[in-house]
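Please keep the sequence and the model in view while going through the points.

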Amino acid sequence: MVDHIVRLLLVEDNPLHARLIQQLLGGDAQLRCAVESVDRLSEGLARLGRGAVDLVLLDLVLPDSQELETLFKVRAAAPDTPIIVLTSMDDVRLAARAVEVGAYAYLLKTQLNAISLGRAIRYTLARARAHGGEWDAPIFRLAQQQFLKAAQIMNLDDNIRQRLLFPQRTQVVSFPFLRDDQQQLETVFGYRVQHVLTMGPTKGGIRYHEDVGLGEVAALATWMTWKCALMKLPFGGAKGGVRVDPTGLSNSELQRLTRRYTAEIINIIGPDKDIPAPDLGTNEQVMAWLMDTYSKQVGYAVPAVVTGKPVVLGGSLGRKEATGRGLVYLVEAAAQHIGLDLKGAKAVVQGFGNVGSFTAQFLAEAGAKIIAVSDVSTGIYNPDGLSVEALLKHVAAHRELKGFPGAEPISNAELLELPCDVLAVAALQNQVTAENAERIRCRLLAEGANGPTTLEADDVLNERGVFVLPDILANAGGVTVSYFEWVQGIQNLTWTLEEINQRLKAILLDAFQRTLHRAETCKLDMRTAALIEGVSRVTEAKRLRGVFP
Ligand code: NAD
């Protein structure tokens, strides 16, 4: 039951439809609402200007405005007021576009009844309330909008849509750790988010970064769900993080922080519950401390509680390089599809950590010429090609790319806009945006990072014919070999590197072919096709398990 009277603004020029909608609103006993009705967009905008409207029910075709223009104008006039589109236009692409640009729901008047309308209003208000809180990060909005676009195209059931839009379980902790001087305590926030508990245990990395927040972790957990489902792995998605700058911590501080964070989330992780892995700012050593802390609590060694741990503790051969290796298997398949010969092709790599450095290495092995790379310290460019071996040596000695001889320094922004055949982004989210998408001059964009491309940029890249390997496909090599590591761990057996790479390639190429087939047959972009592959699998599993109790 909604606890107060919902103030609805109905913008509808057809008096018959307006009356019908008002009747339906009166027919839902759970909804108490006061409806104001106007029949012109100009009147609607004037009413919104006076405030005190909880939700807009919006017809898109009005005497003074048409289709998406109507939606854009209402969004601009009242950006925080949620909008449900009520329309007679049964057009899947328009519906997808409407939810992509911010409508909370797109309902067809012909299919409307009191229950579906009442439920859509309640779900919309629940979602709108989550905004403005810690959930509300641009990256979580991006993950939600991508999902909603796919859901609209799939005509996904309203209840399942609502279930998948927010994570099932979230743990927020705040905890202290001791600095090295033995006197100073520092208190930090930590998170563990499990998005879908339907498919098996949950799986996802742990990120240490000074900007980590609930919204970011929730977005990354959501993408993990679609990624695991796309790869047909028996996991739901999860993610964790601590809001801290790890580069400012000593090794012993990092160890104390990791052990305490592990203790804080210990009840919800475990080899059958939720299995962490490394992500930005964490590595094999952090996973070893996490495994040790968990094992000490239960009284025996439990290697399968984490993946991405050192091989001597039960880590898998090939895990460290798996994301970069997998990315390059997919770049090879995509290059073949678009008729690009990788031998001599010009490649640019943003980010030179785990994913970026292995990507550069494997691209070079495939015959590509690496003309530019970057990390947080600098970008470097040499049109004649850079030696990846020399780059690796320089970073091993100096911890960063800055100061690498024989190359021109460039900014990260300039690097993204270099003319090239393959651009691999392997650093942070939000790199290819509406601002620079027109100037991205690659044929193939490979998303090693999670969420590097905004929705607006996606549209521009698609229009310009750039072939995109979307993140949930492109960087899935990591979680796939993590799955192999977990399987080896719970069975106490080991596979050879050849077996690992063979299985990895087979799984990734199968997902690539399914995604490409769906994209071509349904005339979709690769990202939406990959999402629909993942979301369909999770939806089927949810339907089969039913609702408890
Ligand atoms: P990492 O910490 O090993 O490396 C990150 C790299 O990005 C570093 O070189 C860093 O200097 C650089 N960087 C940071 N800020 C930058 C900036 N503003 N501009 C340019 N470069 C910057 O992290 P990683 O594990 O390689 O992860 C990179 C991305 O790949 C993340 O988005 C992560 O979520 C994603 N990812 C990682 C894995 C994995 O197995 N590690 C798997 C899937 C996806």
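The numbered points below go from the whole chain to single residues.

1. The structure under review is a predicted model.

2. Overall composition and size. The chain contains 19 helices and 17 strands. Its radius of gyration is 25 Å, close to the 24 Å that the globule rule gives for 549 residues, so the chain is as compact as a globular protein of that length. Along the principal axes, the C-alpha atoms fill a box of roughly 75 × 55 × 45 Å.

3. Burial and contacts in the chain. Of the 549 residues, 58% count as buried. Among the contacts with a separation of 6 or more, 69% are between residues 24 or more positions apart.

4. Helices α2 and α3. How are these two helices oriented to each other? Helix α2 covers residues 41–49 and helix α3 covers residues 67–77; they pack at an angle of about 15°, with their axes 10 Å apart. Angles under 35 degrees count as roughly parallel, and α2 and α3 are therefore roughly parallel to each other. The crossing of α2 past α3 is right-handed. On the α2 side the contact is made by Leu41, Leu45 and Leu48, and on the α3 side by Thr70, Lys73, Val74 and Ala77. Sorted by class, the residues of this contact are five nonpolar, one polar and one charged.

5. Helices α11 and α12. A second pair is formed by helix α11 (residues 322–338) and helix α12 (residues 354–365), which pack at an angle of about 45° with their axes 7 Å apart. The helices α11 and α12 are therefore oblique to each other. As α11 passes α12, the crossing is right-handed. From α11, the residues Thr323, Gly324, Arg325, Leu327, Val328 and Val331 meet Val355, Phe358, Thr359, Phe362 and Leu363 of α12. The residues of the contact of α11 with α12 comprise seven nonpolar, three polar and one charged.

6. Thr258. Is this residue buried or exposed? Thr258 lies in helix α9, which spans residues 251–264. Its relative accessible area is 1%; because buried means under 20% relative accessible area, Thr258 counts as buried. Apart from neighbours within four places in sequence, Thr258 is in contact with Tyr208, Val286, Trp289 and Leu290.

7. Residues with positive phi. Ala52, in the loop between α2 and β3 (55–58), has a phi near 60°, a positive value in a residue other than glycine. Ala52 is partly exposed, with a relative accessible area of 45%. Asn155 is placed in the loop between α6 (138–154) and α7 (158–165). Although Asn155 is not a glycine, its phi is positive, at about 55°. With 66% relative accessibility, Asn155 counts as exposed.

8. The cis peptide bond. Which form does the peptide bond from Phe548 to Pro549 take? This bond is cis, with omega near -5°. Pro549 belongs to the segment after α19 (526–545).

How values were computed: Residues numbered from 1 in each chain as written. Predicted model: local features only at pLDDT ≥ 70, side-chain atom pairs only at ≥ 80, totals over all residues. Heavy atoms only, no water. Axes fitted to C-alpha atoms, helices over the stretch in contact; angles between N-to-C directions. Helix = DSSP H or I, 4+ residues; strand = E, 2+ residues; numbered from the N terminus. Parallel < 35°, antiparallel > 145°, perpendicular 65-115°, else oblique. Left-handed = near helix turned anticlockwise from the far one by under 90°. Contact = heavy atoms within 4.5 Å. Nonpolar A, V, L, I, M, F, W, Y, C, P; charged D, E, K, R; others polar. Rg over C-alpha atoms; globule rule 2.2 N^0.38 Å. Buried < 20%, exposed > 50% of the residue type's maximum accessible area, 1.4 Å probe, protein only.
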